[in-house]
2 protein chains.
Amino acid sequence: MPEDYKDEVLSRRWFLAATAGAAAGAAVSDAASADTLADVPPREPGADLSGHSERSRFVMISRIPEATPGRRNVDPGDAINSKTPLDKLVGALTPTDLHYERSHAGVPDLDPAKHRLLMHGMVRKPLVFTVDELKAMPSISRTVFIECTGNGWENWKKADENLTVQNTHGLVSTNEWTGVPLKFLIGLVEKEAGSTWMLAEGDDAAGVARSIPLTEEIVEEAFVAYGQNGEPLRPAHGFPIRLVMPGFEGNLNIKWLRRLKFGDQPWMTRWETARYTQLLANGKARQFQLRMDTNSVITSPSGTMEIKPGYNRVTGVAWSGHGKIAKVEISTDGTETWSEADLNGPVLSKAQTRFGMDWAWDGKPTKIVSRSTDEQGNVQPDRKTFIAQTGTNALFHYNAQQTWSIDATGRVRNVLS
Amino acid sequence: MPEDYKDEVLSRRWFLAATAGAAAGAAVSDAASADTLADVPPREPGADLSGHSERSRFVMISRIPEATPGRRNVDPGDAINSKTPLDKLVGALTPTDLHYERSHAGVPDLDPAKHRLLMHGMVRKPLVFTVDELKAMPSISRTVFIECTGNGWENWKKADENLTVQNTHGLVSTNEWTGVPLKFLIGLVEKEAGSTWMLAEGDDAAGVARSIPLTEEIVEEAFVAYGQNGEPLRPAHGFPIRLVMPGFEGNLNIKWLRRLKFGDQPWMTRWETARYTQLLANGKARQFQLRMDTNSVITSPSGTMEIKPGYNRVTGVAWSGHGKIAKVEISTDGTETWSEADLNGPVLSKAQTRFGMDWAWDGKPTKIVSRSTDEQGNVQPDRKTFIAQTGTNALFHYNAQQTWSIDATGRVRNVLS
């Protein structure tokens, strides 16, 4: 390698990739054959320009509608969630049409001209807003992850070795959301100082409704969104408006938002009594465990993939409801030793962060694991510790380290640890 | 407004919005009627969950394929570009299928299994890479704008008052791109120290090819992308691979990239001699004016929109090929006075930044203008200064301040200044 690049390239993290055959490539014997390869064959003009740039016919990428844990390949009518194909994505953003879906009564078909947002309860000026009125207000845009509190439940009790990372972790996605700060709306309706809780209710047939504590953090960061990755929300993601609650349970990000009611205590809806409570080992239920914890998962290599000995790029995503990801460590020897991964910047608070590391696999069976640490010092727990603390009755907030086992043939499988 | 919000909300930039009727909303007479409004009407379950979240049938949003300046509503076959609907977008990101298109021979239908990238010329190890080999290499993701050097040409000589901001500025978009750093590839083929230029050629029927100077900035920042907003590139945007050149002319971001040749001087292709040269006032042509300058445009209110007296949120996007946007100023009185707009964070280098400002329109005819300044101190020029320096023979790198005139009826029109 030439002097002028040796220091810059080889002395850096790329050394391994450059020397372990990352870029096998095919050598070109001589300049003459290179020129031959360089010749441009005559070609016909391509397709006309269009109003929308659709996907290539060679790209097969979609979510998988699933029923309750373990029930895959069900009728769409039985599906309760549709998971993001993390194994086929790159970067930190999730394509708008592949953001995971989770609904309790399907996707309503709402007319934005008729939809309204009611704000009432412990306020001095109860108001009803049209969608156009909301769009005319001061707005903010923020890129954040939204995660179903059930993400990871596939691995609570056992590990199906045939699961992909889409199956195990496909209920988290990251989009840029745009809308009106909750704090601005609260100022307009003149919330009473004594109001410490807010009920957010959706306009779907299930009327999903959650009680949200009005902490300073939530009042500062929550917003009523009408935009997603630059365009209006998609129906499956709350069109025409949804609540966005950075860092908190997906089901608090109420889709098809129809009203916000203010009060001085939680409403104890069925969504926080019958559902979304955490049944602990001692049989007691934990309610209002709202924040999503520090998490990460290796998306490549991952479940059902096959790798070859030699250079492999290990990459994945990490996220935390506590703020920014500070560090991601990767073990390629079943947690005996750990190495720090590269984080792709900018690292945003409460958004997925892409991490990566070069690795030369020696061809021997092993296990690869990732472990994230956020800016508040929260470390993603190993499975033993997590289960010891939470038990196996629970269904939510699973953030244990994900282990992928690799056998001598290079086949990657989902295992518990 | 209650004590506990007065300081936090009213003393801030939202004061105007909160008092000028931003959030008209409809008052709810009393608690009883609020409860009535709150009642949830019985509803049928919604649509089944799906593999992809499509747009609402109520959302009409698309690009406009256009021919040369002034020729709109042409047959798709005659279109040479397809513009992003900036007037209908929010935030900083452009929806993947709405990223602007500009091509010289349509969109080729390439099979990623057969596509190759040849790297040759002044290198010690000429190599040919498959797309899978590139995807296995160290990668980076970066959110940047790509702008056609012809963006803005509609307003070079005259202003058609019926143009929208999609017509005048729709040839710039911002996506998250993922790929292999050029620097890593250069290290693999062992570029000779004497090579100071690189030829990038596309695999479309036109074989678009540009000579790129290997400055430190370009070697550090350019990359060969295979990912766009989390997924594989769309065919219209270079599938399976394209060159991404943050901050430089869109046509340098070679789509359908088939080879990179290294040399010690530019190749003087027809794309840099017959096309993409700037004909100056004195009749001389400026070649290799590669960097896109500091720019901004108000997207709302903008061409053909109609506004009402009272509160209006003024918003738009600003971008610069020199780095980050440092400041955006808005004039609502035809450039007599300027106010600083809010910038939505994080402000990224060489990416579009969303800006906004509250404004109470008094109902009198006026003109609104935006002016951006980047971190290197470059200020977006007013039209007079820009034309005085560049003349009207040129077609490229138009970054003069955009003026929207508003008449007594609230109708917004495109004017020169």
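Visitor: Which residue stands opposite Phe223(A) in strand 13 of chain A?

Guide: That's Val244(A). Keep in mind that we're looking at a predicted model. Phe223(A) belongs to strand 11, which covers residues 223-228 of chain A.

Visitor: How do you know that strand 11 of chain A and strand 13 of chain A are paired?

Guide: Count the bridges. Pairing takes at least two, and three bridges join strand 11 of chain A to strand 13 (residues 242-244) of chain A. So the two strands count as a pair, and they run antiparallel.

Visitor: What other strands are joined to strand 11 of chain A?

Guide: Strand 8 (residues 172-181) of chain A is one of them, joined to strand 11 by five bridges. Along that pairing, Thr178(A) stands opposite Gly227(A). Strand 12 (residues 231-232) of chain A is joined to strand 11 by two bridges, and there Gln228(A) faces Glu231(A). Both of these pairings are antiparallel as well.

Visitor: What lies between the strands in the hairpin of strand 11 and strand 12 of chain A?

Guide: Two residues do, and in this hairpin Asn229(A) takes a positive phi near 50°.

Visitor: What makes strand 11 of chain A largely enclosed?

Guide: Six of its six residues are buried, so the rest of the structure largely encloses it.

Visitor: Why are strand 2 and strand 4 of chain A said to stand at the edges?

Guide: Three strands of chain A make an open, antiparallel sheet in the order 2-3-4. Strand 2 (64-66) and strand 4 (101-102) each have a single partner strand, so one side of each has no neighbour in the sheet. Strand 3 (residues 81-83) of chain A is joined to strand 4 by two bridges, and Asn81(A) has Arg102(A) as its bridge partner.

Visitor: How do you know that strand 1 of chain A pairs with a strand of chain B?

Guide: Same test: at least two bridges are needed. Two bridges join strand 1 (residues 26-27) of chain A to strand 6 (residues 127-130) of chain B, so they pair. The two run antiparallel, and Ala26(A) has Val128(B) as its bridge partner.

Visitor: How much area do chain A and chain B bury between them?

Guide: About 9,600 Å², with 59% of it on carbon and sulfur atoms. The contact takes 127 residues from chain A and 127 residues from chain B.

Visitor: Why is the link between Arg55(B) and Glu231(A) called a salt bridge?

Guide: The nitrogen of Lys or Arg has to be within 4 Å of a carboxyl oxygen of Asp or Glu. Here the closest N and O atoms are 2.7 Å apart, so the pair qualifies. Between chain A and chain B the count is six salt bridges, along with 51 residue pairs in polar contact.

Visitor: Which helix of chain A gives the most to the side that touches chain B?

Guide: Helix 6 (residues 182-189), with five residues. By class, that side of chain A has 63 nonpolar, 30 polar and 34 charged residues.

Note on methods: Residues numbered from 1 in each chain as written. Chains lettered and ligands numbered in written order. Predicted model: local features only at pLDDT ≥ 70, side-chain atom pairs only at ≥ 80, totals over all residues. Heavy atoms only, no water. Helix = DSSP H or I, 4+ residues; strand = E, 2+ residues; numbered from the N terminus. Contact = heavy atoms within 4.5 Å. Buried area = accessible area lost by both parts, 1.4 Å probe. Salt bridge = Lys/Arg side-chain N within 4 Å of Asp/Glu carboxyl O. Polar contact = N/O pair within 3.5 Å; in protein donor to acceptor, adjacent residues only side chain to side chain. Nonpolar A, V, L, I, M, F, W, Y, C, P; charged D, E, K, R; others polar. Buried < 20%, exposed > 50% of the residue type's maximum accessible area, 1.4 Å probe, protein only.
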